[in-house]
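Q: I have a model open and would like to learn how to read its features one at a time. Where do we begin?

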Amino acid sequence: MTNKSMIIGLSLAPTWVSGSSWRQSDSQIEAFYDIDYYIDLAKRAEALKLDFVFRPDSLFVDYAELENSPGFSGLDPTLLLTAVATHTQRIGLITTASTTFNQPFHVARQLQSLNWISKGRIAWNIVTALDGQQNFGLEVMPPAEEKYTQAAEFTEIVKSLWQSFPNHSLCFNRDTGQYANSTQIQPINHNGNYFKVAGPLSIPAFKDETLPIVQAGASDTGKEFAATVAHAIFAATPNKQVAISLRNELRQRANKHGRDESDIRVLSGVSLFLAESEAQAKQLYSETQSSKSLSKRIGFIKQATGIDVSTLASDAVISAAMLQPVSVAPRSRTHAQLLRNKIEQQPITVDELLKSPEVAASSHWQIIGTVSQAADEIADWFNDGAIDGVILLPGGATSSLNLALDKLVPELINRGVFHNSYDSDTFLSHLRAK
Ligand SMILES: Cc1cc2nc3c(=O)[nH]c(=O)nc-3n(C[C@H](O)[C@H](O)[C@H](O)COP(=O)(O)O)c2cc1C
């Protein structure tokens with residue numbers, strides 16, 4: 001048992017109304033694009049002293065999917081969190097911005113603005129993005145390695161821009177009339193492979209400390225990138241062993257780059273289908289898995305492994321020998337590799353594979369059960385050093401969200417793995433205080 005507190009955040013992507021769950025009478029689906037809905041959620045999260053709320057992002061929609069679910073449609077994360085910032089005081093705010101489809105100057109300026117608006121509570125979730133090229137003048141997504149080369153350059157520029165107009169350059173000297181010491185404000189004169197940016201940024205830093213960075217991709221290159229720049233990784237960890245290995249590896253890699261191993265935290269997404277009894281939770285889970293999602297699952301398996309399970313019986317066994325090299329680059333090497341690893345480790349039936357977290361939950365850790373079962377498992381992962389914290393992704397129903405906030409978080413406090421007060425105000429200090 002450790003007396004350290006884990007880090008807990010809530011995803012503001014309403015996963016509890018995804019699939020067919022939005023059709024339930026209490027889903028509040030009409031509020032899906034209504035900012036008050038998100039402000040209320042963030043206030044609830046803050047009342048529970050959660051470390052952060054988090055908004056992932058997507059720059060495309062599958063318009064056919066909109067026929068029967070909200071899909072990836074939604075408010076821009078940075079605008080959403082700007083509104084949330086003005087209604088909260090202490091909770092951290094993680095926004096998402098892609099390094100493949102933006103300009104670094106825009107991102108540096110928007111995030112530093114949000115940092116001022118929130119008084120230092122933000123972090124940037126860097127994604128190289130899964131899709132959306134058609135909205136940015138590209139026929140195909142750039143190759144994965146190139147996306148990371150661009151991401152590294154983009155991130156360096158953003159960090160340099162944040163430093164280019166330091167807070168300490170502000171003088172506000174009414175007697176002498178000096179507003180700022182311009183010798184301390186420097187252009188960055190970046191001229192690289194992807195971007196040419198002169199700088200300085202048109203807004204001073206809120207504080208002279210770096211803004212925290214979160215990263216999501218976990219291919220080999222993704223892990224290396226995270227180990228050099230990120231304070232945390234939003235991790236897809238379908239089981240505890242994957243989380244332990246990922247955390248150990250990231251810590252070693254951070255060390256190799258001259259950073260302290262505790263500078264990088266693993267925040268695992270945890271998909272929670274919670275109900276009063278385990279049987280009810282299982283029922284909730286099965287009721288909200290639509291046939292649409294079945295065809296998507298089959299498509300994902302084919303893309304990641306080359307195996308077409310639609311032609312196989314549900315009790316047919318899939319084994320490592322059936323894995324084929326993939327002809328089309330997967331949208332996410334992280335997700336494809338996690339699935340291939342699972343099959344390599346142990347043969348599995350088609351039916352089990354379709355239900356596995358690697359296929360059914362974007363490789364996120366899934367807990368389908370009661371609050372007490374969820375608290376046991378989360379505390380166990382934390383106490384065993386598998387994770388530094390979690391991003392709560394409640395699923396299936398608003399009742400599952402309510403149980404996660406109203407019952408699970410207090411239960412984790414009771415078990416001594418989560419704090420019951422804030423002892424800091426900025427996101428970075430929330431992370432450091434752990
Ligand atoms: C857990 C996780 C969450 C992600 N969230 C997003 C997201 O919100 N928006 C997005 O465009 N891409 C997202 N991605 C995609 C990554 O940014 C990245 O493009 C993808 O995983 C490919 O990187 P890889 O080669 O390291 O796997 C996510 C990836 C992972 C693993």
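**An enclosed strand**

A: Strand β11 is covered on both faces: R265, L267, G269, S271 and F273 on one side, and V266, S268, V270, L272 and L274 on the other, are all buried. Bear in mind that this is a predicted model.

Q: How many residues of strand β11 are buried?

A: Buried means under 20% relative accessible area. Ten of the ten residues of β11 (residues 265-274) are buried, so the strand is largely enclosed by the rest of the structure.

Q: How does strand β10 run relative to β11, parallel or antiparallel?

A: Strand pairing is read from bridges. Strand β10 (residues 232-235) and β11 run parallel and are joined by four bridges. For A235, the bridge partner in β11 is S268.

Q: How do I check the span of helix α1 against its number of residues?

A: The expected span of a helix is 1.5 Å times one less than its number of residues. Helix α1 (residues 35-47) has 13 residues and should therefore span 18 Å; its end C-alpha atoms are 18 Å apart, which agrees.

Q: What is found at the N-terminal end of α1, and what comes just after the helix?

A: Look for a capping side chain at one end and for the backbone angles at the other. D34 caps the N-terminal end, with a side-chain oxygen 2.9 Å from the backbone nitrogen of D36. Just after α1, K49 takes a positive phi of about 65°.

Q: Which residues of α1 are buried, and what covers them?

A: The buried residues are Y37, Y38, I39, L41, A42, A45 and E46. Their cover includes β1 (7-11), β2 (52-54), α2 (77-85) and α13 (398-414).

Q: How many aromatic pairs does the structure hold?

A: The count is 15 aromatic pairs. In one of them, the rings of Y37 and Y38 have centres 5.2 Å apart and planes at 90°, so the pair is edge-to-face; planes over 60 degrees apart count as such. Y37 is buried at a relative accessible area of 10%, and Y38 is buried at 0%. F172 and Y179 also form an edge-to-face pair, 5.4 Å centre to centre with 80° between the planes. Y179, however, counts as exposed, with 54% relative accessibility. Elsewhere, ring pairs link W124, F154, W162, Y194 and F195 into a cluster.

Q: What lies over the face of Y38?

A: A ring can also have a charged group over its face. Here R55 lies over the face of Y38, at 5.3 Å from the ring centre.

Q: Is T96 buried or exposed, and which polar contact does its side chain make with another side chain?

A: Read accessibility first, then the polar atoms. T96, in strand β3 (residues 92-98), counts as buried at 4% relative accessibility. Its side chain makes a polar contact of 3.0 Å with the side chain of N125. A polar atom of the T96 side chain also lies 2.7 Å from the backbone oxygen of R55. Leaving out residues up to four places away in sequence, T96 touches F54, R55, P56, D57, P77, T78, N125 and V127.

Q: Where is S363 found, and is it buried or exposed?

A: S363 is in the loop between α11 (357-360) and β14 (365-369). With 0% relative accessibility, S363 counts as buried. Beyond residues up to four places away in sequence, S363 touches A236, T237, P238, H335, L338, P357 and E358.

How values were computed
Residues are numbered from 1 along each chain as its sequence is written. This is a predicted model: local features need pLDDT of at least 70, side-chain atom pairs count only at pLDDT 80 or more; totals for chains, interfaces and linings use all residues. Side-chain values use heavy atoms; hydrogens and water are left out. Helices (H or I, at least four residues) and strands (E, at least two) are DSSP runs, numbered from the N terminus. Buried means under 20% relative accessible area, exposed over 50%, partly exposed in between (1.4 Å probe, protein chains only). Contact means heavy atoms within 4.5 Å. A polar contact is a pair of N or O atoms within 3.5 Å; within protein, one must be able to donate a hydrogen and the other to accept it, and residues adjacent in sequence count only if both atoms are side-chain atoms. Rings of Phe, Tyr and Trp (its six-membered ring) pair if their centres lie within 6.5 Å; planes under 30 degrees apart count as stacked, over 60 as edge-to-face and the rest as tilted. A charge sits over a ring if NZ of Lys or CZ of Arg is within 6 Å of the ring centre and within 35 degrees of the ring normal. Two strands pair if DSSP finds at least two bridges between them.
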